[in-house]
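Reader: Could you please take me through this structure step by step? I am new to reading such models.

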Amino acid sequence: MAVAKKSVAAPDTKEAAAKTAKAVTPATPVKTEADKKEAAEKKAVVKKEAVKKEAVKKTAVKKETAPRKTAAKKAELKSELHIQFNGKSYSEEELVKIARDVWQYDLKKEASEFVSVELYVNPEESVVYYVINNEFTGSFFI
């Protein structure tokens with residue numbers, strides 16, 4: 001039985017020796033003042049490079065947004081509407097002007113409050129139906 005104890009005791013002493021060796025050796029090597037200066041310079045260079053990369057990224061983002069704005073302007077469509085019936089002819093601008101006059105003079109509202117208008121033309125009855133500011137509805141003859 002004595003032999004068995006020695007074989008078990010041997011691994012324990014190796015583990016204990018390894019633990020003490022780890023505890024004695026420092027995890028980081030001792031740095032001199034020159035090593036510290038070099039490390040600080042490297043960190044400063046890395047920070048400057050990071051700042052430069054961020055500046056490049058910001059300018060790249062600005063360059064991408066500029067073409068989008070011009071593309072949106074090119075996509076804008078200009079249209080004109082003319083309605084002709086029974087020998088009469090009306091353009092969209094004329095009908096909006098009549099609706100604005102109804103807003104100001106018939107409904108006694110401020111011109112600055114006239115924000116949006118939807119017009120529905122019924123040529124069979126010679127009537128234009130309107131919805132002003134998604135709130136007021138009515139009609140006028142043309």
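This is a predicted model: local features need pLDDT of at least 70, side-chain atom pairs count only at pLDDT 80 or more; totals for chains, interfaces and linings use all residues.

Reader: How many helices and strands does the protein chain have?

Author: The secondary structure of the protein chain consists of three helices and five strands. Starting from the N terminus, these elements follow one another as α-α-β-β-α-β-β-β.

Reader: Which strands form the open sheet, and in what order?
Author: Three strands form the open sheet, and their order is β3-β4-β5 with antiparallel pairing. The edges are β3, residues 117–122, and β5, residues 136–141, each of which pairs on one side only. From one strand to the next, the twist averages 20°.

Reader: And how many bridges join β4 to β5?
Author: Six bridges join β4, which covers residues 127–132, to the antiparallel strand β5.

Reader: Which residue in β5 does V128 stand opposite?
Author: V128 stands opposite F140 in β5.

Reader: Which strands does helix α3 lie across?
Author: Helix α3, formed by residues 92–106, lies across β3, β4 and β5. The helix runs at about 115° to β3.

Reader: Changing topic, what percentage of the residues in the protein chain is buried?
Author: Of the 142 residues in the protein chain, 13% are buried.

Reader: And what about its accessible surface?
Author: The accessible surface of the protein chain is about 12,400 Å², and carbon and sulfur atoms contribute 58% of that area.

Reader: Lastly, what share of the contacts with a separation of 6 or more joins residues 24 or more positions apart?
Author: Such residues account for 24% of those contacts in the protein chain.

Note on methods
Residues are numbered from 1 along each chain as its sequence is written. Side-chain values use heavy atoms; hydrogens and water are left out. Two strands pair if DSSP finds at least two bridges between them. Helices (H or I, at least four residues) and strands (E, at least two) are DSSP runs, numbered from the N terminus. Axes are lines fitted to C-alpha atoms, for helices over the stretch in contact, and angles run from 0 to 180 degrees between N-to-C directions. Contact means heavy atoms within 4.5 Å. Buried means under 20% relative accessible area, exposed over 50%, partly exposed in between (1.4 Å probe, protein chains only). Accessible areas come from the Shrake-Rupley method with a 1.4 Å probe; for residues, only the protein chains shown count as cover.
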